[in-house]
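Okay, thanks for coming, everyone. I'd like to walk you through a structure I've been looking at, so let me put it up on the screen.

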Amino acid sequence: VNTDRARENRGATGGGNSLERAREDLYEMEETLRGGVREDSREQQTLRKLLEVVEQVNAELGVERVLRLIASRIIEIFEAERVFITDVAEGESIRFCLAASFNGQTVEHPENEVSHTVIHEVARSRKPTLAADALSDPRFAEVSSVRSLRLHSVMVAPLLARGELLGVVYVDNRMLSGAFTPWTLSLLSVFANQVGIALRNAQLFDELNTARTELALSERLRAIGQVAAFVAHEVKNPLGSIRILSNALEEKWTDPEFRARFLEVVPREVARLDKAVQELLDYARPTPLIKVRLDLVKLVESTLRLYDPQILEARVQLRRDFQRGVPGILADGERIREVLANLLRNSLEAMAGRTTKELKVTVASLSQTQVGVTIEDTGAGIPETEIKRIFEPFRSLKESGSGIGLALCQKVVREHGGHITAENIPSGGARFCVSLPIAGA
Ligand SMILES: Nc1ncnc2c1ncn2[C@@H]1O[C@H](COP(=O)(O)OP(=O)(O)OP(=O)(O)O)[C@@H](O)[C@H]1O
Ligand SMILES: [Mg+2]
């Protein structure tokens with residue numbers, strides 16, 4: 001049992017190993033038969049050809065091609081007239097995966113051309129079978145071509161892959177009786193066993209491809225859904241307010257209250273639209289990076305300066321912890337500044353309305369190859385259920401957030417060969433770390 005299992009495992013790992021197994025089987029068979037046959041006999045040539053086919057079939061991907069290859073080579077090697085390959089014959093009906101004939105003619109109604117009894121029998125018993133003279137075999141009484149033509153040879157073998165039944169191979173020759181022998185039958189069944197593995201692999205490959213295509217499609221649909229939600233939220237709302245006010249414009253323009261409201265709302269909503277569209281474009285547009293050697297500390301300093309007024313006004317305590325002599329980075333300064341600005345803005349937004357407002361910004365070497373910026377705040381932190389998803393585009397927990405900020409940060413940082421991570425600080429608040437590769441490292 002153990003050696004069988006070991007064999008199966010070898011077979012299970014793929015084409016290369018099933019090839020090996022095919023070689024072993026065919027070699028064993030050759031050995032046992034050697035006593036009875038002459039050197040370089042026709043049988044040995046057949047064996048060699050079969051081995052070649054097993055190798056060929058193993059190199060093929062895609063069920064269709066594998067089936068066609070199997071059929072054409074069976075016709076050639078066994079001097080067969082026609083080959084039928086069926087699915088597992090469960091129940092009464094038999095599904096034909098392929099029907100081929102030696103002259104390339106299509107077989108119109110394969111179901112009338114084969115003995116269903118024999119196919120069911122082989123599928124059930126998993127034992128190959130031979131009918132040297134189908135005319136005198138009661139199992140073929142219903143087969144129209146056997147009744148109309150006087151002679152008929154048939155051999156049928158199960159298509160197996162590691163013990164699993166995939167279908168049945170049905171080979172016939174209407175011109176000759178006795179075209180197939182127990183020897184050719186045993187060759188066919190060893191062969192069917194080997195190509196079965198290749199066929200199964202091809203099926204798995206096809207299934208994988210289908211699954212991959214479906215996944216890609218559902219990913220795309222999800223992305224479209226996200227954009228649609230974004231447009232609904234960010235564009236429809238401001239447009240709605242603008243439309244309502246515009247409709248009332250003619251009638252109410254003399255009303256000073258209305259005018260004040262109009263002048264307050266319209267520019268604000270237009271700005272909101274503009275920001276949303278700009279963010280979406282920034283995120284979606286592939287912008288080439290203009291990388292130069294930069295001092296990360298200076299970049300952080302200059303970004304922080306932009307937020308000085310806000311930090312002051314919100315009474316946020318800012319702590320800088322900048323390591324000296326941090327190696328330079330090779331980066332697009334504008335894009336990295338955008339990343340830092342988004343993180344700072346998020347932190348300030350997270351601390352709005354809280355009593356303790358502390359912002360800590362650290363710049364330090366992280367390793368021989370990486371430098372990092374860390375931004376910590378004392379906001380409410382990120383809900384644990386969201387922490388894995390906040391970098392996804394359009395993911396926002398804020399009333400007026402578009403959820404593009406962090407997605408953009410991640411995109412830019414990755415384009416620079418860096419990483420961005422988010423975590424909650426046990427004592428409260430969130431910590432975002434951006435690591436970037438050192439120039440020349
Ligand atoms: N410092 C932080 N503390 C707590 N939660 C945060 C912090 N930074 C981000 N988040 C959470 O992650 C979400 C996504 O942030 P992101 O910056 O991508 O979008 P946003 O800030 O909501 O909108 P915008 O596109 O305007 O930036 C936020 O809505 C918020 O819930
Ligand atoms: Mg944000």
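This is a predicted model: local features need pLDDT of at least 70, side-chain atom pairs count only at pLDDT 80 or more; totals for chains, interfaces and linings use all residues.

Let's start with a pair of charges: Arg 82 and Asp 172 form a salt bridge, with their closest N and O atoms 2.8 Å apart. By salt bridge I mean a side-chain nitrogen of Lys or Arg within 4 Å of a carboxyl oxygen of Asp or Glu. This pair links distant parts of the chain, since Arg 82 sits in strand β1 (residues 82-87) and Asp 172 in strand β5 (residues 164-173), 90 residues apart. Helices (H or I, at least four residues) and strands (E, at least two) are DSSP runs, numbered from the N terminus.

Residues are numbered from 1 along each chain as its sequence is written, chains are lettered from A and ligands numbered from 1 in the order in which they are written, and side-chain values use heavy atoms, with hydrogens and water left out.

Back to that pair: buried or exposed? Arg 82 counts as buried, at 3% relative accessibility, and Asp 172 is buried too, at 0%. Buried here means under 20% relative accessible area, exposed means over 50%, and partly exposed is in between (1.4 Å probe, protein chains only).

How many salt bridges are there by this rule? The count comes to 22. Another one joins Arg 95 to Asp 87, at 2.7 Å between the closest N and O atoms. There, Arg 95 is exposed at 52%, and Asp 87 is partly exposed at 23%. Then we have Glu 386 with Arg 395, 3.0 Å from N to O; Glu 386 is buried at 11%, whereas Arg 395 is partly exposed at 29%. There's also a network of salt bridges linking Glu 264, Arg 268, Glu 269 and Arg 272.

Now to the sheet. Five strands make an open sheet in the order β7-β9-β10-β12-β11, with mixed pairing; two strands pair if DSSP finds at least two bridges between them. β7 (317-322) and β11 stand at the edges with a single partner strand each, so one side of each has no neighbour in the sheet. From one strand to the next, the twist averages 10°. β7 and β9 (residues 358-365) run parallel and are joined by six bridges, and Arg 320 stands opposite Val 361 in β9. Helix α13 packs on the sheet, touching β9, β10 (370-376), β11 and β12, and its direction makes about 150° with that of β9. For those angles, axes are lines fitted to C-alpha atoms, for helices over the stretch in contact, and the values run from 0 to 180 degrees between N-to-C directions.

Next, helix α14, residues 405-415. Eight of its 11 residues are buried, including Leu 406, Cys 409 and Val 413. What covers them? The cover includes α10 (256-284), α13 (333-351), β11 (419-424) and β12 (430-437), counting contact as heavy atoms within 4.5 Å. Just after α14, Gly 417 takes a positive phi of about 80°.

Last stop: Phe 102, in the loop between β2 (96-101) and α5 (110-113). Phe 102 is partly exposed, with a relative accessible area of 48%. That's me done, so over to you.
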